[in-house]
Amino acid sequence: MHQPALDLHRPVDVLPRMPKDPHPSPRAVPRMHGRGRKGRALRGGFAGAPRYHSDPGRSRDAGARAAERPEAATPLHPPRDSGSRLRPSGKGTQIWKKKGAIYEGDWKFGKRDGYGILSLPDQETGKYRKVYSGWWKGDKKSGYGIQFFGPKEYYEGEWCGNQRSGWGRMYYSNGNIYEGQWRNDKPDGEGMLRLKNGNRYEGYWQRGLKNGSGRFFHLDHGQLFEGFWVDNVAKCGTMIDFGRDEAPEPTQFPIPEIKLLDPDSILEEALATFKKTQED
């Protein structure tokens with residue numbers, strides 16, 4: 001085939017284009033597959049080799065269709081409809097249409113995982129209010145977080161599997177505050193309950209009730225009870241005056257101090273009785 005001669009003195013941008021050969025030589029087309037060290041075919045061919053198609057027309061059509069088709073990108077957040085089967089990861093927002101709940105935060109394989117905020121619409125104002133702000137794992141509250149139960153009632157502390165578990169502090173709507181250990185969403189272990197009037201209980205809990213040894217400070221009356229509780233009921237213990245002079249409503253009479261009038265003689269009498277018992 002006759003090819004026009006090139007004029008090397010002309011600028012590069014105006015060099016004549018070479019006509020395409022409709023029947024290229026087989027040697028001009030690089031091989032699609034090379035051979036590895038063990039004789040297996042390498043799909044990628046040699047490094048930097050362009051990918052060819054056996055049918056040039058098919059290849060051009062496929063390239064045109066790819067150019068016209070918008071590039072599909074994997075979303076970093078789940079779709080707004082929770083019924084989708086996509087399992088994205090990253091940061092994003094999801095809305096549950098039935099409850100109107102909104103979650104904004106981290107995702108991992110389609111589940112809330114990492115830090116995120118859950119909000120619900122307020123029944124009175126219609127505006128969204130924050131319900132939970134904290135950490136998640138496997139679509140459940142896990143780690144440190146703050147749960148808002150109402151305008152003046154919220155919990156801040158540790159979570160495990162959507163339940164308060166570990167250390168935490170609970171602010172109740174009546175003004176009471178509990179600070180201590182939790183298990184299965186209830187106070188369990190060592191903790192302190194501080195009442196609105198200033199009185200407080202320090203001791204052990206089980207299933208959300210006072211169980212075990214503890215101390216109850218009646219600071220409004222200036223007294224301290226130390227004893228043993230079973231399901232919120234004090235079974236035994238001692239009561240003494242404690243801060244009675246600073247109490248806003250002290251008792252009418254102080255608790256009398258109980259002591260032995262003559263401890264030495266009582267001890268001698270007890271020893272004599274014990275020796276007599278041993279001789280008999």
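# Loops, hairpins and confidence in a predicted chain

Trainee: G222 lies in the loop between β13 (209–218) and β14 (223–230). Is G222 buried or exposed?

Mentor: This is a predicted model, in which local features need pLDDT of at least 70 and side-chain atom pairs count only at pLDDT 80 or more, while totals for chains, interfaces and linings use all residues. Residues are numbered from 1 along each chain as its sequence is written, and side-chain values use heavy atoms, with hydrogens and water left out. Buried means under 20% relative accessible area, exposed over 50%, and partly exposed in between (1.4 Å probe, protein chains only). Because its relative accessible area is 0%, G222 is buried.

Trainee: Which residues does G222 touch, and how far is its C-alpha atom from that of A247?

Mentor: A contact means heavy atoms within 4.5 Å. Not counting residues up to four places away in sequence, G222 touches I240, D241, F242, G243, R244 and A247. G222 and A247 are 25 residues apart along the chain, and the separation of their C-alpha atoms is 5.0 Å.

Trainee: Where is R169, and with which side chains does the side chain of R169 make a polar contact?

Mentor: R169 is placed in strand β9 (residues 163–171); helices (H or I, at least four residues) and strands (E, at least two) are DSSP runs, numbered from the N terminus. A polar contact is a pair of N or O atoms within 3.5 Å; within protein, one must be able to donate a hydrogen and the other to accept it, and residues adjacent in sequence count only if both atoms are side-chain atoms. Leaving aside neighbours within four places in sequence, R169 is in contact with Y154, Y155, E156, I177, Y178, E179 and W182. The polar partners of the R169 side chain are the side chains of E156 (2.8 Å) and E179 (3.2 Å).

Trainee: How many bridges join β5 to β6, and which residue in β6 is the bridge partner of S119?

Mentor: Two strands pair if DSSP finds at least two bridges between them. Strands β5 (residues 111–121) and β6 (residues 128–137) run antiparallel and are joined by eight bridges. Six residues lie between the strands of this hairpin, where G126 takes a positive phi near 80 degrees. In β6, the partner of S119 is K130.

Trainee: What stands opposite S133 in β7?

Mentor: Strand β7 (residues 140–150) pairs with β6 in the antiparallel sense over five bridges. Two residues lie between β6 and β7 in their hairpin, and G138 in the turn has a positive phi of about 60 degrees. Opposite S133 stands I146.

Trainee: How many disulfides does the count give?

Mentor: A disulfide is a pair of cysteine sulfur atoms within 2.5 Å. By the distance rule, the number of disulfides is zero.

Trainee: What is the mean pLDDT of the chain, and how many contacts does the model have for residues 24–84 beyond four places in sequence?

Mentor: pLDDT is the predictor's confidence in each residue, from 0 to 100; its mean over the chain is 77, and 69% of the residues reach 70 or more. Over residues 1–20 the pLDDT is below 50, and this stretch has six contacts in the model beyond near neighbours in sequence. Over residues 24–84 pLDDT stays under 50, and the contacts beyond four places in sequence number 42.

Trainee: What share of the 280 residues in the chain is buried?

Mentor: The secondary structure comes to two helices and 15 strands. Of the contacts in the chain with a separation of 6 or more, 8% are between residues 24 or more positions apart. The buried share of the 280 residues is 22%.
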